[in-house]
Amino acid sequence: MPALSLVTLVSLVSTVFAKQLDAHPPQQHNRHWAQICSGNPTNKIRGCDKYGCGQFGADRHSGKRKHVGVDVICADGATVYAPFSGQLSGPIRFFHNGNAIDDGVQIRGSGFCVKLVCIHPIKYHGQIHRGQLLGRMLPMQKVFPGITSHIHVENCDHSDPTHLLTPDVPPLPQHGRHWATLCSGNPTNEIRGCDSYGCGYYGAPRQNGKGKHTAVDVICADGATVYAPFSGELSGPIKFFHNGNAIDDGVQIRGSGFCVKLVCIHPIRYNGRISKGQVLGRMLPMQRVFPGIVSHIHVENCDRSDPTSNLERGQGRRE
């Protein structure tokens, strides 16, 4: 075969293969989707707040309609990733009013087709791969103050995508000096950064700079499951605000050389023995008291020393 004809044939085959690849992206390595939002490795779904609930089939418009997507928790400005490999198309205008969150994109590929809404993608067209940077979360608090910020995830055929999201499983008890995971959805005990109410790291300014934060704020979504960071004896309740508001509850754990107060949670009990990694309680509705704050557990050593070094990968997370 002449050299020119061979080159032409190879070029033709490559073009056909590329078109087939675009139309039918490679199958994923597993059935579950990848993490969609930074800070939410389990794709935890929004619970209920004053605006409604985030699960598939939840009531909409005073019960006249049903939610045909799920709301995956995602902080305003957080990084968004592609849940699977496929072709992008957009923009998706969900609200059709040009508000601050009226943007999104569709991904089709590998047997899936999904619309991700309330995000700004890095591009609206072209190929994207599972886990690749897709864009950022838009400022939902500007439109719905106090809501649990989230990505609206809707299958193109309006079927339920819940089973495709990485399951939210309790963490295994951890060994060694570091404490166990405190909150479901935050396996690294990531510390709250800064928001309109202040910053979450130890020593952050309080009371207009007259005081210092003698604790750390571990990110935890309202209603999330809370676990014991180490084994010990419980005592409480701990009333941090002393005003009976919706988050004025907590408990102390003393044991294994540690003593810590966990505040803004409701424990399953206030006294008795608890083991490291065991369910301790649930996160209280912080958005009711501080709309738009990054919801968190207030973690305070009994001697007011810095607990950061005891949190797995917590140190230095102050951005």
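The structure is a predicted model, in which local features need pLDDT of at least 70 and side-chain atom pairs count only at pLDDT 80 or more, while totals for chains, interfaces and linings use all residues. Residues are numbered from 1 along each chain as its sequence is written, and side-chain values use heavy atoms, with hydrogens and water left out.

The protein chain contains three helices and 26 strands. Helices (H or I, at least four residues) and strands (E, at least two) are DSSP runs, numbered from the N terminus. The chain has 319 residues, and 45% of them are buried. Buried denotes under 20% relative accessible area, exposed over 50%, and partly exposed in between (1.4 Å probe, protein chains only). Among contacts (heavy atoms within 4.5 Å) with a separation of 6 or more, 65% join residues 24 or more positions apart.

H152 lies in strand β13, residues 150–155. H152 counts as buried because its relative accessibility is 6%. The H152 side chain makes a polar contact with the side chain of H67, at 3.4 Å. A polar contact is a pair of N or O atoms within 3.5 Å; within protein, one must be able to donate a hydrogen and the other to accept it, and residues adjacent in sequence count only if both atoms are side-chain atoms. Not counting residues up to four places away in sequence, H152 touches H67, G69, V70, D71, F94, K115, L116 and V117.

V117 belongs to strand β9, residues 112–117. This residue is also buried, since its relative accessible area is 1%. Neighbours within four places in sequence aside, V117 contacts I92, F94, D103, G104, I151 and H152. V117 and I151 are 34 residues apart in sequence. Their C-alpha atoms are 5.9 Å apart in space.

Strand β20 (residues 232–235) pairs with two strands, β24 and β21. Pairing requires at least two DSSP bridges between the strands. Three bridges join β20 to β24 (residues 272–274), and the two run antiparallel. Here E233 is bridged to R273. Three bridges also link β20 to β21 (residues 250–255), again in the antiparallel sense. In β21, Q252 is the bridge partner of S235.
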